[in-house]
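Welcome, and please load the model in your viewer. We will walk through a few selections together, one stop at a time.

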Amino acid sequence: MKILVTGGAGFIGGNYCLKMTEKYPEDTFVCLDLLTYAGNLETLAPIMDRENFRFVKGDIRDRAFIDELFAQEKFDVVINFAAETHVDRSVEEPDVFVSTNVMGVQVLLDACRKHVVKRFHQVSTDEVYGDLPLDRPDLLFTETTPLHASSPYSASKAGADLLVLAYYRTFKLPVTISRCSNNYGPYQFPEKLIPLMVSRAMADQSLPVYGEGLNVRDWLHVYDHNTAIDLIVRKGRVGEVYNIGGHNEKANIEVVKTILKQLGKPESLIHYVKDRPGHDLRYAMDPTKLVTELGWQPEYNFDTGMAQTITWYVENRGWWEHILSGDYKEYYAKMYKDRQ
Ligand code: NAD
Ligand code: TYD
């Protein structure tokens, strides 16, 4: 099989490429990425010379370029990880979220139709369902929960999901969608909660916890997200949505305290700051369909996954220090200036 992996220089797509090029030596993987602030070729360095891997720099919104690439490469499968992904950035600058996350997906869908791709897989998120109340632990998102997005980021991802399903219904394009809960693991850009807190705690800097730190996220190791995507692409039913999650709900403050404990740093580093506007209270996934239909099981629980992840950031300081010494410094100063 020839597989196009869009957004493969980012966190989840990068981890996908590192694992799957090794797991499937008989398949060819073409990674297409625009290398925005979130894309990092250092992540892909270990596989750049592999025979079954090729990197192409390009924009999923560029119709002519995408058409030519599809004509040349004749992909069997397209897995779309490419997106703008940070909620706080979407509050500051929604335009690029609609442009990449909605319009870019439409360009890919049209190319899949024209070049008769056998499967288009859209990597989506639990955030399309909106949020759940904190005092109803019995409620979980299922695949039939109505879409109820809160942020420009989640609204753009919900828009993409609707387009993907419309191309299935209208044009019979063979699509699947996965909606996963919050991911953590190696190679995550240090603007997201876990790598941000680990890198700042290691430098004895203050840890900016939004509001009272009571918002709940359902955490899954990136490795387990990618094994689920792989199963869905190879064995999932066309036209279907699959939720992915491992029942690991944690309040943000618990996550931050877990990090401080493993690093041996004091809780006095915690600094409560102004809340995110429209901040979703709680996410919680019901992955029953994926588990019963495709037999997926996560390998990590929260304790083993966090221990592995924190150790990775400690041992791979160079990877995130290169990012923190660049443009990201300005981003942090701008975004956290008014939260003090
Ligand atoms: P990321 O921000 O780390 O990576 C996104 C990648 O997409 C980057 O390499 C970037 O350069 C690339 N990209 C952005 N715009 C592009 C464009 N126009 N053309 C080509 N490439 C472009 O994101 P991530 O955390 O790896 O997320 C990957 C996917 O998984 C996204 O679709 C996201 O919505 C979804 N998702 C993420 C999480 C999570 O917790 N991180 C959870 C569920 C779903
Ligand atoms: P984030 O990693 O941005 O993921 P998402 O918003 O997509 O769930 O944030 C995870 C949670 O952590 C979210 O409730 C917001 C909170 N948060 C903080 O408290 N402080 C921070 O500096 C950041 C980036 C996030």
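**Stop one: a helix pair**

This is a predicted model. Select helix α1 (residues 11-23) and helix α8 (residues 222-235): they pack at an angle of about 65 degrees, and their axes are 9 Å apart. Look at how they cross, and you will find α1 passing α8 in a right-handed crossing. Now show side chains: on α1, pick F11, I12, N15, Y16, K19, M20 and K23, which meet V222, Y223, H225, N226, T227 and D230 of α8.

**Stop two: another helix pair**

Next, select helix α7 (residues 193-202) with helix α11 (residues 302-315), packed at an angle of about 50 degrees with axes 10 Å apart. α7 and α11 are therefore oblique to each other. Their crossing is right-handed. From α7, the contact uses I194, P195, V198 and M202, and from α11 it uses M306, T309, I310, Y313 and V314. Here the residues of the α7–α11 contact divide into eight nonpolar, one polar and no charged.

**Stop three: a covered strand**

Finally, select strand β5 (residues 119-125), where seven of seven residues are buried. Which residues lie on each side of β5? R119, H121, V123 and T125 are on one side, F120, Q122 and S124 on the other, and all are buried.

Strand β4 (residues 77-80) pairs with β5 in the parallel sense over four bridges, and I79 stands opposite H121 of β5. Strand β6 (residues 175-180) runs parallel to β5, joined by six bridges; there, R179 is the bridge partner of S124.

Notes. Residues are numbered from 1 along each chain as its sequence is written. Chains are lettered from A and ligands numbered from 1 in the order in which they are written. This is a predicted model: local features need pLDDT of at least 70, side-chain atom pairs count only at pLDDT 80 or more; totals for chains, interfaces and linings use all residues. Side-chain values use heavy atoms; hydrogens and water are left out. Axes are lines fitted to C-alpha atoms, for helices over the stretch in contact, and angles run from 0 to 180 degrees between N-to-C directions. Helices (H or I, at least four residues) and strands (E, at least two) are DSSP runs, numbered from the N terminus. A crossing is left-handed if the near helix is turned anticlockwise from the far one by less than a right angle, and right-handed if clockwise. Contact means heavy atoms within 4.5 Å. Angles under 35 degrees count as roughly parallel, over 145 as roughly antiparallel, 65 to 115 as roughly perpendicular and the rest as oblique. Ala, Val, Leu, Ile, Met, Phe, Trp, Tyr, Cys and Pro count as nonpolar, Asp, Glu, Lys and Arg as charged, and the others, Gly among them, as polar. Buried means under 20% relative accessible area, exposed over 50%, partly exposed in between (1.4 Å probe, protein chains only). Two strands pair if DSSP finds at least two bridges between them.
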